[in-house]
Amino acid sequence: QVQLVESGGGLVQAGGSLRLSCAASESISRANTMGWYRQAPGNQREPIAVLSIGGRTTYADSVKGRFTISRDNAKNTVYLEMKSLKPEDTAIYYCKGNWPRDSIWYAYWGQGTQVTVSS
């Protein structure tokens, strides 16, 4: 069972920055994708930044140019650098990764970290 623990959320003013971290209990080099998702009140959970095993990154249009996903395999940690934050970025941010077990890929989620951006 892979465990993911997010940290780094908090309250920030509009225009500010935050860096989220996602620490994995398993080697992230074995994951085929690692990503960040968010869910605002009344909305569905949505992907905002996904990093594939080949190094390809995909961003939601709403965060392109402001958010950057990165990984540190030595620390088994994935990061989300968030700049120029807006009130509409307020949400719970979740980390997700896919790991294989017995040739089947499973998705694992963290518990989430709250990000609140004040205007």
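**Entry 1. Aromatic pairs**

I searched for ring pairs and found three aromatic pairs in the structure. I counted rings of Phe, Tyr and Trp (for Trp, the six-membered ring) as paired if their centres lie within 6.5 Å, with planes under 30 degrees apart taken as stacked, over 60 as edge-to-face and the rest as tilted. The model is predicted, so I kept local features only at pLDDT of at least 70 and side-chain atom pairs only at pLDDT 80 or more, while totals for chains, interfaces and linings use all residues. Residues are numbered from 1 along each chain as its sequence is written, and side-chain values use heavy atoms, leaving out hydrogens and water.

I looked up Tyr94 and Trp109: the ring centres are 6.4 Å apart and the planes stand at 85 degrees, so this pair is edge-to-face. Tyr94 belongs to strand β9 (residues 91-101) and Trp109 to strand β10 (residues 104-109), so the pair ties together parts 15 residues apart in sequence. Strands here are DSSP runs of E of at least two residues, and helices are runs of H or I of at least four, numbered from the N terminus.

For burial I used relative accessible area: under 20% is buried, over 50% exposed, and in between partly exposed (1.4 Å probe, protein chains only). Tyr94 is buried at 10%, whereas Trp109 is partly exposed at 34%. Trp99 and Tyr108 form another edge-to-face pair, with 6.1 Å between centres and 70 degrees between planes. Trp99 and Tyr108 are both buried. I also noted that Tyr37, Tyr94 and Trp109 make up one aromatic cluster.

**Entry 2. Charges over rings**

I then checked for charges over rings, requiring NZ of Lys or CZ of Arg within 6 Å of the ring centre and within 35 degrees of the ring normal. The charged end of Arg45 sits over the ring of Tyr94, 3.6 Å from the centre of that ring. The charged end of Arg101 sits over the ring of Tyr106, at 4.1 Å from the ring centre.

**Entry 3. Salt bridges**

I took a salt bridge as a side-chain nitrogen of Lys or Arg within 4 Å of a carboxyl oxygen of Asp or Glu. The count is four salt bridges. Glu46 and Arg38 meet in one of them, at 3.0 Å from N to O. Glu46 is partly exposed at 32%, and Arg38 is buried at 6%.

Lys64 and Asp61 form a salt bridge with the closest N and O atoms 3.1 Å apart. Both Lys64 and Asp61 are exposed. Arg66 bridges to Asp89, the closest N and O atoms being 2.8 Å apart. This pair links distant parts of the chain, 23 residues apart: Arg66 is in the loop between β6 (57-59) and β7 (67-72), and Asp89 in the loop between β8 (77-82) and β9. Arg66 and Asp89 are both buried. I recorded a network of salt bridges linking Arg38, Glu46, Arg66 and Asp89.

**Entry 4. Disulfide**

How many disulfides does the whole structure hold? My search, with cysteine sulfur atoms within 2.5 Å as the criterion, found one disulfide. Cys22 and Cys95 form this link, with their sulfur atoms 2.1 Å apart. The link of Cys22 and Cys95 is left-handed, with -80 degrees about the S-S bond. Cys22 is in strand β3 and Cys95 in strand β9, so the pair ties together parts 73 residues apart in sequence. Both Cys22 and Cys95 are buried.

**Entry 5. Nonpolar core**

I defined a nonpolar core as a set of buried Ala, Val, Leu, Ile, Met, Phe, Trp, Tyr and Cys residues joined through side-chain atoms within 4.5 Å. The largest core has 31 residues, and those with the most contacts inside it are Leu4, Met34, Trp36, Leu80, Met82, Tyr93 and Trp99. At least two residues of this core come from each of β3, β4, β5 (46-52), β7, β8, β9 and β11 (113-118).

I listed contacts (heavy atoms within 4.5 Å) for Tyr93, not counting residues up to four places away in sequence; among them are Glu6, Trp36, Arg38, Phe67, Leu80, Met82 and Val115.

**Entry 6. Ala31**

Is Ala31 buried or exposed? Ala31 is buried, with a relative accessible area of 0%. Ala31 lies in the loop between β3 (18-24) and β4 (33-39). Beyond four places in sequence, Ala31 touches Ile53, Arg71, Asn98, Trp99 and Trp105. Ala31 and Trp99 are 68 residues apart in sequence, yet 4.7 Å apart in space from C-alpha to C-alpha.
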